[in-house]
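Hi everyone, and thanks for making time. Please bring up the model on your screens, and we'll walk through it together.

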Amino acid sequence: MEVLRGQAQVDFLPSALTGVVFSVALFAAGWEFGLYGLTGTAVGTATARLLGADRDRITAGLEGFNSCLVAVGCAVFLGPHHPSTAVLALTGSAVVTILTGAAARILATWDLPTFTLPFCLTASAMTIAAPAEGGTSHALWQWGRVWHQDAGPATLSRPAAGPTALTVTDLWHAFFANIGQIFFMPQWYVGLIFLLGIFLACRRAGVLACVGSAVGILTAWALGAPAEQVAEGTMGYNAVLAAMALCGVFLVADAWSLAYAVIGAAAATALSPALAALFAPSGGHTFTWPFVLVSLAFLAAAPAFPRLRRVTG
Amino acid sequence: MEVLRGQAQVDFLPSALTGVVFSVALFAAGWEFGLYGLTGTAVGTATARLLGADRDRITAGLEGFNSCLVAVGCAVFLGPHHPSTAVLALTGSAVVTILTGAAARILATWDLPTFTLPFCLTASAMTIAAPAEGGTSHALWQWGRVWHQDAGPATLSRPAAGPTALTVTDLWHAFFANIGQIFFMPQWYVGLIFLLGIFLACRRAGVLACVGSAVGILTAWALGAPAEQVAEGTMGYNAVLAAMALCGVFLVADAWSLAYAVIGAAAATALSPALAALFAPSGGHTFTWPFVLVSLAFLAAAPAFPRLRRVTG
Amino acid sequence: MEVLRGQAQVDFLPSALTGVVFSVALFAAGWEFGLYGLTGTAVGTATARLLGADRDRITAGLEGFNSCLVAVGCAVFLGPHHPSTAVLALTGSAVVTILTGAAARILATWDLPTFTLPFCLTASAMTIAAPAEGGTSHALWQWGRVWHQDAGPATLSRPAAGPTALTVTDLWHAFFANIGQIFFMPQWYVGLIFLLGIFLACRRAGVLACVGSAVGILTAWALGAPAEQVAEGTMGYNAVLAAMALCGVFLVADAWSLAYAVIGAAAATALSPALAALFAPSGGHTFTWPFVLVSLAFLAAAPAFPRLRRVTG
C-alpha cells in the first residue's frame, strides 16, 4: 500500500488505487518502466523504514515518490536493459531518501514541502556526470563504466527548429502528453491513463491537471515553442504539477488560488527553456526543476498575501 | 507617491522627491526608459496591493523597486519599441512581486532584506531563455516568438581586449556612470542626475555612493579591467550599491562599518567577472548579482562581529 | 596555538600538535606551501579577532582552516612566486573570514557546521574569474592584471582518457594521495604525513580517514575513473572528509553512522565528476564542493533518522 501510495504521491495523491492506475500507465508504456517504478518506490520506502523515518510520512507514500521518479528516470535516460542501469536505479532510489530527509528538514523552516526537489538533485547529478553523446565531455571521467555510448534516449533536449504551426492533433496529444511527461512518457494514451488515475482519487485535482495542461500549451505557444516539443508534452508537464500544487493541494482552492495557480503554471512553462539553457553546457536536463522552483517560490510568498490561505494539515 | 518611492528604493531611499529626480534621469536617457520605469513600478505596486501585501512595505516603496528594474531591464535588453517587450515587462513586473514575497519570507529567517534578488532572478531567467545573438543557442526553444534577432543591445558582456590605460576622462565618466548603471544607463550625465537625487534624500547616502564608485574604479583598475568597460560603469555599479547598503542603510554608519563597506564594495567588484564567466555559457548577465550576494553574505555575517551594529527599526 | 589548531581543523581536529604535523607535510611538499598555509591561517584568525568574533571559535581554530585552504589554493593554482599571488592569498584569507561568519549564521538555523563551504565559495569565485589557459575566456575582463598566462598548475581537470587498469602502485599511491589532496597535494608521502597527524590527534579519525580513502578508490574504480587520476588522489579526497565528518565528528560513531559515512563517502566520490562538468564551462574547479554538499545534506537529514545520533556539545 505504501508503495502504491508512493507512486500516486508523484501527483500529490495519497491514494493506493491511483497508484495502481499509475503503475498500469507505466506498464502500458513498457513493462520495464512499470517494473523500475514499483521497484524504485519500494527501495525508497524500505530505506526510509530501515533508517527509522517518520511512520506517517512512510504510510502516506511521501518517502517513495522521489525514488520512483529516480528509478524510472534511470530506465528512460540510460536504457532499462543494462545491468548498470539497474544498479544505478537501486542506488539512486536509496540515496534520494536521504536527500528527502535533508530537503524536508531545511524547507520545514518555512513550512514548505520538498516537492520533487530530491529527485531533481539526484537526477541532475546523474545526467551531468554522464558523458554527453555528442562528444565534448567536460567532466573529469564522468562515470565511464556506467554510461553507454549507444544510450540514445538520453536526449530530451534536441535542437529546436523554431516556431511551427500547431495542428489540432498536436494540441490534444500535448494535452495528455503533458500529464504523461511527469513520468517521462511522451505517449498521449499513457497520459490519458494517468489523468484517469488522478480523477479517481480527486476530481478537483483532475480538473486542475487539465487547467495546468491547457495553460502550459497556451504559454508554450505564445512564447513560440516548436510544435513537435509541445505535442510531446515536454513543454507542459511542469505547468500541470504547478497548477495542482498551488490550487487545492497546498493552498485552499478558491478563485484567488486558481488565478495564482494559472500564473504559476505559466511561469513554470516560461522558466523551462531558461533552465534548459542553464543546464545545457554541462549536459544536464530540466526534469521538474521549473515546477519545483516556481512552486517553492509561490508557496513561500503565499503568507505575504492574505488572500491566499494555506491548507492546514 | 508609492510609485515614486519605489523608484527611489532602488537606491534604498524611501523618498518620493528622489523618485522624481530618478525618473527625470531615466527620461534624460530616453523617454521610453522613463516610461518603462514608472509603469513597471506601478504594476509591481498594484500587484502587491491586489494580493493584499503588507501596507507598510507598499507605502515605503519596497514592493516597487524590483518591478522598476525588471521593466527598465526589458526595455534596455530587448529594445523598448517591440510590443512583445511591453508584454514581457508588464508580466515580469507582476511576477517579480511574488518572488519578492518569497525572498522576503525566506531571508527574514536571518533578518536579511531581499535587496534586488527578485529582480536578478527574474532578469536572469529572461535573458537565459532569450536566444544568444551569436547563434549557438542551447535552450529547447527559448521564447522564439519574443526575442528578435536584431536585438542588438542584449549584450553587456562583449569580449574584453585586456587591460588598457585609463585616461582622466575615463575616470570621471566611470565615477558617474557607476551610479547610472544601477539603472543600466552608461551616460555620465544620467549618473550625475541620479547622484543628485541621492544627495537630495540623504547626504550620507550620497557620500557613500561616491565612496563605492571610487572603490569600484580602483578595484577594477587593480585587477586589470579594460578601460572602456570601466568608463561605461559596468565595473562599478555593484560597488556603489554594496557601499551604501553596508554603511548607513543596514549597518550603523561608523568607522567600522565604513571599512566593512569598502571591503564589500571591492569584493562585489572582484566578484563581477566571476559571475559573468559563470553566466556566459548559458547567455545570462551579471545584473546586480555581485551586489546581492556580497551584501547578503556581509550582512548575514555582521552579527558574528560585535563591532558592527545593525540599524534597528 | 590558534593558528596550528586552524591547520588541523581542515580535518576537523582541534589539536595544535596535529597542526604542527600538517605544517611539516606542507613544507615537505614545498616550503612555499607551508608558508602560505601558516600565513593564511594567521591572517584569517587575526581578521576574526579584529572584527570581534567569538573567542571559543577562534581558540578552537575554527576561524583559520578556510583561510589556510584559500592561501594554499592560491599558491597551487596561481604559482606561489608571483607577488600578485601573495596579495590575492592575503585578501582571500581575510574575506573568507567574513564568509565564514555568514555561512555559520545561516547554517546554524539547522544546527549545521560550515565545513569548507566558505573556502569553496572564495576559491570558486577566484578560479572562475581567472582566465582559462585554453583561451576561450567568457568573463568581462577576468582579473587580467592578476592571472598569468604561464600559470600552468591551474589545471586539475585535464581531459580524461577513459577507464584504464589500476596497478597495485596506483592503489597505494591513491590511498595516501587521497588524504594529501585535501590540501591539494598529490604526493603519496605528503598524504602519509597528514595521515600520521590525524592518528596523533585521534585514532578513530585516522581509521575513518582510511575507510573514506578506500571507499573513494572503490567507488572511483566502479564508476570507471582513469587510473592516473585515481592515483593522484583527485577522486578520493572528498570521500576521506565525508567519512570523517559523518562518523565520529558530527554523528556518534557506531555501526549505523559508519554505514551512513560509507554511503556518504561513495556519494561524494560519485558527485565529483558531476560538479566538475557543471563548473567546466566557466572554468571552475570542484575543490571540496562534493564533500561540503554531501555532508551538509547527510547531516541535515540525520534528525529524520532516529538511528543516527548527533554529537552534542
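Let's start with this: among contacts in chain A between residues at least 6 apart in sequence, what percentage join residues at least 24 apart? It comes to 71%, where contact means heavy atoms within 4.5 Å.

A word on where this comes from. This is a predicted model, in which local features need pLDDT of at least 70 and side-chain atom pairs count only at pLDDT 80 or more, while totals for chains, interfaces and linings use all residues. Residues are numbered from 1 along each chain as its sequence is written, chains are lettered from A and ligands numbered from 1 in the order in which they are written, and side-chain values use heavy atoms, with hydrogens and water left out.

Staying with chain A, you'll find 14 helices and zero strands; these are DSSP runs numbered from the N terminus, with helices being H or I of at least four residues and strands E of at least two. Of its 313 residues, 63% are buried, meaning under 20% relative accessible area with a 1.4 Å probe, protein chains only.

Now please look at chain B. Helix H3, residues 31-50, has 20 residues and reaches 28 Å from first C-alpha to last, close to the 28 Å expected at 1.5 Å a residue; that expected span is 1.5 Å times one less than the number of residues. Among the buried residues of H3(B) are Phe33(B), Tyr36(B), Gly37(B), Gly40(B) and Gly44(B). The buried residues of this helix pack against H1, H2, H4, H5 and H6 of chain B. Just after H3(B), Gly52(B) takes a positive phi of about 80°.

Next, where chain B meets chain A. The contact takes 30 residues from chain B and 39 from chain A. Together the two chains bury about 3000 Å², 74% of it on carbon and sulfur atoms; buried area is the accessible area (1.4 Å probe) that two parts lose on being put together, summed over both. On the chain B side, H3, H6 and H7 each supply at least two residues, and the largest share, eight residues, comes from H6(B).

Last stop, chain C. Thr100(C) sits in helix H6, residues 83-107. Why does Thr100(C) count as buried? Because its relative accessibility is 3%. Leaving aside neighbours within four places in sequence, Thr100(C) is in contact with Arg57(C), Leu62(C), Glu63(C), Asn66(C), Thr114(C) and Pro118(C).

Definitions and conventions. Buried < 20%, exposed > 50% of the residue type's maximum accessible area, 1.4 Å probe, protein only.
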